[in-house]
Amino acid sequence: MKSLLLTLAGTVVLAGLAMAAGDETLARRTCTTCHNFTRVEGKFGEDRATWEARVGRMLAKSGAPKLSDAERKAVIDWLAAQKK
Ligand code: HEC
């Protein structure tokens with residue numbers, strides 16, 4: 001029981017870190033619904049405003065996954081933090 005609680009506590013801490021640094025898993029999953037991730041990687045290093053506009057444009061396309069505001073922010077945070 002104690003180890004289960006420790007595991008749960010560790011998961012919460014890791015999830016918190018992932019949110020602060022953006023969410024790579026969610027970004028990869030979301031952005032490969034329609035195309036390859038190399039298309040996304042080619043734009044690494046661009047500024048946050050550019051990513052915000054681009055993510056908005058991508059998620060407005062038909063068939064795009066529906067993200068909550070928090071998820072959208074986590075995806076943009078991660079993308080904008082990537083370097084070429
Ligand atoms: C609903 C399908 C769909 C999803 C989901 C999607 N894309 Fe796209 N993406 C496209 C299509 C179609 C094009 C080519 C036409 C265009 O540029 O709008 C494209 C083009 C691009 C391009 C090249 C053009 C440009 O804007 O520079 C980039 C970069 C890109 N997507 C990034 C992303 C990222 C980042 C995500 C995740 C947040 C994402 N895409 C999710 C459909 C999608």
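## Helices α4 and α5

The axes of α4 and α5 cross at roughly 135° and come within 9 Å of each other. This arrangement belongs to a predicted model. An angle between 115 and 145 degrees is neither roughly perpendicular nor roughly antiparallel, so α4 and α5 count as oblique to each other. The crossing of α4 past α5 is right-handed.

On the α4 side, the contact is made by Arg48, Trp51, Glu52 and Val55. Their partners in α5 are Arg72, Val75, Ile76, Leu79 and Ala80. Sorted by class, the contact between α4 and α5 holds six nonpolar residues and three charged ones, with no polar residues.

## Ala74 in α5

Helix α5 also contains Ala74. Is Ala74 buried or exposed? Ala74 has 23 C-beta neighbours inside 10 Å, and the cut-off for a buried residue is 20 or more, so Ala74 counts as buried.

## The shell around the ligand

The ligand is surrounded by 16 residues. The closest are Cys31, Cys34, Met58, Lys61 and Ala64. By class, the shell has eight nonpolar, four polar and four charged residues.

Which helices each supply at least two residues of this shell? They are α2 (24-31), α3 (37-41), α4 (48-59) and α5 (69-81). The largest share, three residues, comes from α4.

Definitions and conventions
Residues are numbered from 1 along each chain as its sequence is written. This is a predicted model: local features need pLDDT of at least 70, side-chain atom pairs count only at pLDDT 80 or more; totals for chains, interfaces and linings use all residues. A residue is near a molecule or strand if its C-beta atom, placed from the backbone, lies within 6 Å of it. Helices (H or I, at least four residues) and strands (E, at least two) are DSSP runs, numbered from the N terminus. Ala, Val, Leu, Ile, Met, Phe, Trp, Tyr, Cys and Pro count as nonpolar, Asp, Glu, Lys and Arg as charged, and the others, Gly among them, as polar. Axes are lines fitted to C-alpha atoms, for helices over the stretch in contact, and angles run from 0 to 180 degrees between N-to-C directions. Angles under 35 degrees count as roughly parallel, over 145 as roughly antiparallel, 65 to 115 as roughly perpendicular and the rest as oblique. A crossing is left-handed if the near helix is turned anticlockwise from the far one by less than a right angle, and right-handed if clockwise. Two residues are in contact if their C-beta atoms, placed from the backbone, lie within 7 Å. A residue is buried if 20 or more other C-beta atoms lie within 10 Å of its own, exposed if 12 or fewer, and partly exposed in between; C-beta atoms are placed from the backbone.
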